[in-house]
Amino acid sequence: MPTEKRVRHILSLSGGKDSAALAIYMRDRVPEMEYIFSDTRKELPETYEYLERISSYLGKEVTRLNADVGFDHWYEMYGGMIPSNHRRWCTRALKLKPFEQHCGDEEVINYVGLRADEERSGYISHKPNIKPVYPFRDDGLVLRDIEGILRTSGVGMPPYTKWGRTRSGCYFCFYQQKIEWVRLKETYPDLYQKAKEYERPYEKTGNFFTWSSNESLAELEQPARMEQIKREHVIRIERKVARKENATLAEVFAQDVEVEAPEDDDDQGCLVCQL
Ligand code: SF4
C-alpha cells in the first residue's frame, strides 16, 4: 500500500488583524496548523507583544523566520536601495523567500487572511507544492466579522491601531500614508529618526532614495508640513464620510487603509506583510 503523502498546514502571521483573526478562526479547525512570522527585525515593538498574545491564545509557538538576517543585511546587499513598490526587493527577500524555504518541497496548504469584502489578490506561490486557501473569503467573512473574532477571543486589534496606524510590517514601510509618517513621528520619534537615517547617499553607489514619495522625511517632519498633512487627512476623511452615508466615522477611519490605494495601486506584495 502506498503511504499517504504528508501535507503541512501553514498560516503566516504578519502582525496585522486579518492573519491574527484567521489564526484564531482556524485554531480548532486545523489543530496541526503551523504558525510562522517572517521577522524583518524592523517591526514595531508592540507587534512582538501582539504576537506573544496570539501565541498564548493559540497555545503554540509562532516560528520566527529570518532568524539570522533581517532588513539591514538585504539593504546592504541591494546597494543601500530603499525599497519602494517599484523596487520591492524587501517582500521577496524577507517574506516570500523565507516562507518558500520553510515550506521546502513538501506539500503545503497556505492559509491566507483575505476577506470576502476585499478586492485584493493575495500571495500566490509559484511553487507547485504550495496551495493557497482563503477561508474568510470562502466563508463570506467581512471586516466586522474579523473585528468580532478578535474582540471575542480577547486578543483584540493590533495595538498600533490605537494611535492611528493602519498597517503592520516594518515601521518604515514605504506603503505608509503621509499621515502615518506623522503619527510615527509623534508616537515613536526614535523610530522616525532611524527611518530618516536610511535617507542618505549610499556610500558605495551615491544613490539617494526616500521612503515617502516626493519628499524626504526631513522635509515631512517640518511642523508646517505635518500640520498640512493632518489638515488634508481630515478633509479626506470628511469627504469619505459624506460619500458613505451609512458608515460611522470610526468605520471610515478603520477602513481608511483599504480605501486609499497606494500610489501606483500595486499592493499585492505587501499583503504578505500586512494581512
Ligand atoms: S512591511 Fe513594507 S518595507 Fe517591510 S518588508 Fe513589507 S513591504 Fe517591505
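The shell around the ligand divides into five nonpolar residues, two polar residues and no charged ones. Its members are C90, T91, G169, C170, C173, F174 and C273. The model is a predicted one, so the cut-off for side-chain atom pairs is pLDDT 80 or more.The shell around the ligand holds five nonpolar residues, two polar ones and no charged ones. Its members are C90, T91, G169, C170, C173, F174 and C273. The model is predicted.

**The chain as a whole**

The secondary structure comes to 13 helices and five strands. The chain has 275 residues, and 52% of them count as buried. It exposes about 13800 Å². Carbon and sulfur atoms supply 51% of that area. Among contacts with a separation of 6 or more, 65% join residues 24 or more positions apart.

**A covered helix**

Two packed helices are described by the angle between their axes and the distance between the axes. Helix α7 covers residues 178–187. It packs with α8 at an angle of about 120°, and the axes are 5 Å apart. That makes α7 oblique to α8. From α7, the contact is made by W181, L184, K185, E186 and T187. From α8, P189, L191, Y192 and A195 take part. The residues of this contact divide into six nonpolar, one polar and two charged. Helix α8 itself runs over residues 189–197.

Is N214 buried or exposed? N214 counts as exposed, because its relative accessibility is 81% and the cut-off for exposed is over 50%. S216 is buried, with a relative accessible area of 13%; the cut-off for buried is under 20%. Which residues does S216 touch? Leaving out residues up to four places away in sequence, S216 touches E199 and T210.

R41 belongs to another stretch, the loop between β2 (34–38) and α2 (45–58). R41 is partly exposed, with a relative accessible area of 46%.

S84 is found in the loop between α3 (71–77) and α4 (89–103). S84 counts as buried at 11% relative accessibility. What separates the C-alpha atoms of S84 and S212? They lie 8.7 Å from each other, although the two residues are 128 residues apart along the chain.

| Residue | Relative accessible area | Class |
|---|---|---|
| R41 | 46% | partly exposed |
| S84 | 11% | buried |
| N214 | 81% | exposed |
| S216 | 13% | buried |

**Backbone angles**

Most residues other than glycine have a negative phi. What is the phi of R41? It is near 65°, a positive value in a residue other than glycine. N214 also has a phi near 65°, again positive in a residue other than glycine.

Note on methods. Residues are numbered from 1 along each chain as its sequence is written. This is a predicted model: local features need pLDDT of at least 70, side-chain atom pairs count only at pLDDT 80 or more; totals for chains, interfaces and linings use all residues. Side-chain values use heavy atoms; hydrogens and water are left out. Helices (H or I, at least four residues) and strands (E, at least two) are DSSP runs, numbered from the N terminus. Buried means under 20% relative accessible area, exposed over 50%, partly exposed in between (1.4 Å probe, protein chains only). A residue is near a molecule or strand if one of its heavy atoms lies within 4 Å of it. Ala, Val, Leu, Ile, Met, Phe, Trp, Tyr, Cys and Pro count as nonpolar, Asp, Glu, Lys and Arg as charged, and the others, Gly among them, as polar. Contact means heavy atoms within 4.5 Å. Accessible areas come from the Shrake-Rupley method with a 1.4 Å probe; for residues, only the protein chains shown count as cover. Axes are lines fitted to C-alpha atoms, for helices over the stretch in contact, and angles run from 0 to 180 degrees between N-to-C directions. Angles under 35 degrees count as roughly parallel, over 145 as roughly antiparallel, 65 to 115 as roughly perpendicular and the rest as oblique.
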